[in-house]
Amino acid sequence: QVQLVESGGGLVQAGGSLSLSCAASGRIFSTYTLGWFRQAPGKEREFVSAIRWSDSSTYYADSVKGRFIISRDSAKNTVYLQMNSLEPEDTAVYYCAADRNTIVGSLRPAAIPQRYDYWGQGTQVTVSS
């Protein structure tokens, strides 16, 4: 069993930066993929980024590519999401999730929320214009 706890959300002006953290309790195995999703009011949950625990391969949604950076610290069992050049459209609850099953090759399948076995409670990010 893995529990995920997000932190680091808050209110920021457009153009600013925020860094989110997701701390995992329980062992994260090398087969895992950790992902970030977000959900804005009235919208479906949307993929943001993912990282493969074994080799730190990453994958991003087009909407955040070049602005967000995902990383992980295996010693701390923590995954991070550095968000730069934030826009009002980035306003959402951000969720961390863990997929136990191996993704070989491209991380494109990591964008499918149904793959994930564990979810955090979410952290609110609000970007003002």
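## Arginines, aromatic rings and the nonpolar core

The charged end of Arg45 is placed over the ring of Tyr95, 4.0 Å from the centre of that ring. This arrangement belongs to a predicted model.

**Charges over rings**

- Besides Arg45 over Tyr95, Arg72 lies over the face of Trp53, at 5.3 Å from the ring centre.

**Aromatic pairs and the aromatic cluster**

- The count of aromatic pairs comes to 6.
- Phe37 and Trp119 form a tilted aromatic pair, with 5.1 Å from centre to centre and 55 degrees between the planes.
- This pair links distant parts of the chain, as Phe37 belongs to strand 4 and Trp119 to strand 10 (residues 118-119), 82 residues apart.
- Phe37 counts as buried because its relative accessibility is 0%, and buried means under 20%.
- Trp119 has a relative accessibility of 28% and therefore counts as partly exposed, a class that lies between the buried limit of 20% and the exposed limit of 50%.
- One aromatic cluster is formed by Phe37, Phe47, Tyr59, Tyr116 and Trp119.

**The largest nonpolar core**

- The largest nonpolar core has 39 residues, of which Leu4, Leu34, Trp36, Leu81, Met83 and Tyr94 touch the most other members.
- At least two residues of this core come from each of strand 3 (18-25), strand 4 (33-39), strand 5 (46-52), strand 7 (68-73), strand 8 (78-83), strand 9 (92-99) and strand 11 (123-128).
- Strand 9 gives the most to the core, with 5 residues.

**Tyr94 and its contacts**

- Tyr94 is among the core residues that touch the most other members.
- Leaving aside neighbours within four places in sequence, Tyr94 is in contact with residues including Glu6, Leu20, Trp36, Phe37, Arg38, Leu81, Met83 and Val125.

**Arg38, a buried arginine**

- Arg38 has its place in strand 4.
- Arg38 counts as buried because its relative accessibility is 5%, under the limit of 20%.
- The side chain of Arg38 makes a polar contact with the side chain of Tyr94, at 2.9 Å.
- With neighbours within four places in sequence left aside, the residues in contact with Arg38 include Glu44, Arg45, Glu46, Glu89, Asp90 and Tyr94.

Conventions:
Residues are numbered from 1 along each chain as its sequence is written. This is a predicted model: local features need pLDDT of at least 70, side-chain atom pairs count only at pLDDT 80 or more; totals for chains, interfaces and linings use all residues. Side-chain values use heavy atoms; hydrogens and water are left out. A nonpolar core is a set of buried Ala, Val, Leu, Ile, Met, Phe, Trp, Tyr and Cys residues joined through side-chain atoms within 4.5 Å. Buried means under 20% relative accessible area, exposed over 50%, partly exposed in between (1.4 Å probe, protein chains only). Helices (H or I, at least four residues) and strands (E, at least two) are DSSP runs, numbered from the N terminus. Contact means heavy atoms within 4.5 Å. Rings of Phe, Tyr and Trp (its six-membered ring) pair if their centres lie within 6.5 Å; planes under 30 degrees apart count as stacked, over 60 as edge-to-face and the rest as tilted. A charge sits over a ring if NZ of Lys or CZ of Arg is within 6 Å of the ring centre and within 35 degrees of the ring normal. A polar contact is a pair of N or O atoms within 3.5 Å; within protein, one must be able to donate a hydrogen and the other to accept it, and residues adjacent in sequence count only if both atoms are side-chain atoms.
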